Amino acid sequence: MKNQLIRSSLFIALAVLAGCGSNSTDNSAQVASAQVAAGKDVFLNETFGNEKFFGDTLGLHTVLNGVAPKDAVALGVQVDLNKVPADIVAVMTGSDLAAKDAALNDPTVTRRLIKAGAVIGVKGFYATTSASDTTLTSVGISCGLCHVTVKPTTFNLTAGATTLPIGDPLYNGVPNAEMDAGKILSFTPFAVANNLSTTLAGWGPGRFDIRALNELDDGVDNPTAFPPLWNFPALQANGYALGWDGMFKGTNALASIAEAVYDLVMHGNGSFATSHGAIPPALAFPPRQAVLNKFQDNPASVITADKLLQVQTFLQSLQSPAAIGFDQTQAAAGKNLFEGKAKCATCHPAGTEFISAGRYSDITVTPPTGDLAGGIKVPGLRGISLTAPYFHDNSAATLLDVVNRFDTRDALGLTDAEKTQLVEYLKSL
Ligand code: HEC
Ligand code: HEC
């Protein structure tokens, strides 16, 4: 009897424990995935009012109203096929080659794509609520513009099989290396009137000067590469600092850099690092005083802590994919070189997600200038085969170019075979 009691109460206790356990796991998993979904939505769609800058000030909408889809995609615009209006999908997947060419040359099609929300990172504003009104009166941008790509689709055109960035969005953290944001902005009435077009067009795809056109302006032309957004929990556990200069670090550093980008770089209606800011800035070191002086307090800020933390949770969910397509034997030999003769592991130790403290100004042939002159942090190396070109200034087109750069810089004396082995190892990370 006694035994039975003990056994049944034990059973109840276990059942309660198991029940509680699985419930709380389910709930927290649900909450976490809801946060990820909410953060993704903010990341993709939220402008926080930056249409006042991109539309009203720069006049970007006047450019987009007249650009043909083929020119837009050539400038790196990514199109979410799931949101393309059905009649346009029908034309593009049909067999009438002339109709496809016509659609790709028709600015009306671009306007309809923007209105349908199919152009990633671009949000249109209109004078009327009429469904047929596709003429932009203003336009805002979201984080997705530079940090999201799609799985491209190959279309049969009169010119033959042509692969275009129209497809399923990937949301995998790979940067949009084709996005030529500077060139797009170079066509705006503001850039033309202020003689900025040549500078902007010179940035090239996959780069943006976040220290220009805003309070962060450092007076030099130093566009930087869009980095991949992944593996943050593991990187941050090893002391990772965000930004090429490593300015953002510590608790809520991702939410903090998001606030800085939304408010300062993207000109949203915010108040970074002032009394109406959404969250305390997570800075490894402060910006220079002249920049700090320009930060404006803004009681009307619409950038809220909850949305920044959602974006942070979304970014924390992104992982670089498992490596594929490398030669195992060569990679094993490359690992030995990486940790030995080639000295890579002195700055990129494997046990710390390939990062270490310290900033360097002598890795690229042309040293970083302006507010980057203090040096570039050591970036992580996972997923590196997916994120060409390399270095903060995109100065290395391939992984072999990277290895060649270190071979020269550190007088490593690597043979061609050893360089290949190192590249295969990098592809395996
Ligand atoms: C116009 C293109 C563009 C847009 C839009 C953009 N970014 Fe970036 N992002 C960049 C560039 C360029 C850098 C590197 C800047 C630097 O450090 O010099 C960067 C860096 C980052 C980093 C640092 C990653 C690391 O490992 O160091 C994070 C995080 C980030 N962006 C998140 C965001 C978020 C969140 C948004 C929206 C609020 C956003 N970005 C919008 C271009 C863009
Ligand atoms: C002295 C420290 C140091 C050493 C040694 C070093 N790296 Fe790096 N590595 C860095 C820094 C700092 C950067 C970023 C430099 C920049 O962008 O200006 C970098 C960038 C890279 C990148 C490009 C990352 C990206 O996202 O663009 C790769 C790949 C890389 N290193 C691989 C290697 C390999 C392979 C070796 C050995 C042959 C090596 N590194 C040796 C510090 C180092």
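## Two ligand sites and their surroundings

Of the 23 residues around ligand 2, the nearest are Cys 344, Cys 347, His 348, Phe 391 and His 392. The model is predicted.

### Ligand 2

The iron atom of ligand 2 has His 348 as its only protein donor. The donor atom is NE2, at 2.1 Å. His 348 sits in the loop between helix H16 (328–339) and strand S9 (359–360). The side chain of His 348 also places an N or O atom 2.9 Å from a nitrogen atom of ligand 2.

Two backbone contacts go to oxygen atoms of ligand 2. One comes from Phe 391, whose backbone N or O atom lies 2.8 Å from an oxygen atom of the ligand. The other comes from His 392, with a polar backbone atom 2.6 Å from an oxygen atom. Which elements give two or more residues to this shell? They are strand S10 (376–377) and helix H17 (399–409). H17 gives the largest share, 3 residues. By class, the shell around ligand 2 holds 16 nonpolar, 4 polar and 3 charged residues.

### Ligand 1

Ligand 1 is surrounded by 26 residues. The closest are Cys 143, Cys 146, His 147, Thr 224 and Tyr 240. The iron atom of this ligand has a single donor from the protein, His 147, through NE2 at 2.1 Å. His 147 belongs to helix H8.

His 147 has a polar side-chain atom 2.9 Å from a nitrogen atom of the ligand. Thr 224 brings a polar side-chain atom to 2.7 Å from an oxygen atom. Helix H8 (144–147), strand S8 (224–225) and helix H13 (253–265) are the elements that give two or more residues to the shell. The largest share, 5 residues, comes from H13. By class, the shell has 20 nonpolar, 4 polar and 2 charged residues.

Where does ligand 1 lie relative to domain 1 and domain 2? Domain 1 (40–227) and domain 2 (230–319) both give residues to its shell, so ligand 1 lies between them.

The table lists the ligand contacts described above.

| Residue and atom | Ligand atom | Distance |
|---|---|---|
| His 147, polar side-chain atom | Ligand 1, nitrogen | 2.9 Å |
| Thr 224, polar side-chain atom | Ligand 1, oxygen | 2.7 Å |
| His 348, side-chain N or O atom | Ligand 2, nitrogen | 2.9 Å |
| Phe 391, backbone N or O atom | Ligand 2, oxygen | 2.8 Å |
| His 392, polar backbone atom | Ligand 2, oxygen | 2.6 Å |

### The loop between S10 and H17

Back to Phe 391. This residue is found in the loop between S10 and H17. Most residues other than glycine have a negative phi, and most peptide bonds are trans. Is Phe 391 buried or exposed? Phe 391 has a relative accessible area of 16%, so it counts as buried, the cut-off being under 20%.

Pro 389 is placed in the loop between S10 and H17 too. The peptide bond from Ala 388 to Pro 389 is cis, with omega near -5°.

### Other local features

Ala 411 lies in the loop between H17 and helix H18 (416–427). Phi of Ala 411 is near 45°, a positive value in a residue that is not glycine. Ala 411 is exposed, because its relative accessibility is 66% and the cut-off is over 50%.

Ser 271 is buried, with a relative accessible area of 0%. Its place is in the loop between H13 and helix H14 (289–292). The side chain of Ser 271 is joined to that of Asp 297 by a polar contact of 3.0 Å.

Strands S4 (residues 153–157) and S5 (residues 160–164) pair in the antiparallel sense, over 5 bridges. A hairpin of 2 residues connects S4 to S5. Across this pair, Thr 154 stands opposite Thr 163 in S5.

Conventions. Residues are numbered from 1 along each chain as its sequence is written. Chains are lettered from A and ligands numbered from 1 in the order in which they are written. This is a predicted model: local features need pLDDT of at least 70, side-chain atom pairs count only at pLDDT 80 or more; totals for chains, interfaces and linings use all residues. Side-chain values use heavy atoms; hydrogens and water are left out. A residue is near a molecule or strand if one of its heavy atoms lies within 4 Å of it. A polar contact is a pair of N or O atoms within 3.5 Å; within protein, one must be able to donate a hydrogen and the other to accept it, and residues adjacent in sequence count only if both atoms are side-chain atoms. Helices (H or I, at least four residues) and strands (E, at least two) are DSSP runs, numbered from the N terminus. Ala, Val, Leu, Ile, Met, Phe, Trp, Tyr, Cys and Pro count as nonpolar, Asp, Glu, Lys and Arg as charged, and the others, Gly among them, as polar. Domain bounds come from an automatic or database domain assignment. Donors are N, O and S atoms within 2.8 Å of the metal (3.2 Å for Na, K and Ca); water is not among the atoms, so sites may look incomplete. Two strands pair if DSSP finds at least two bridges between them. Buried means under 20% relative accessible area, exposed over 50%, partly exposed in between (1.4 Å probe, protein chains only).
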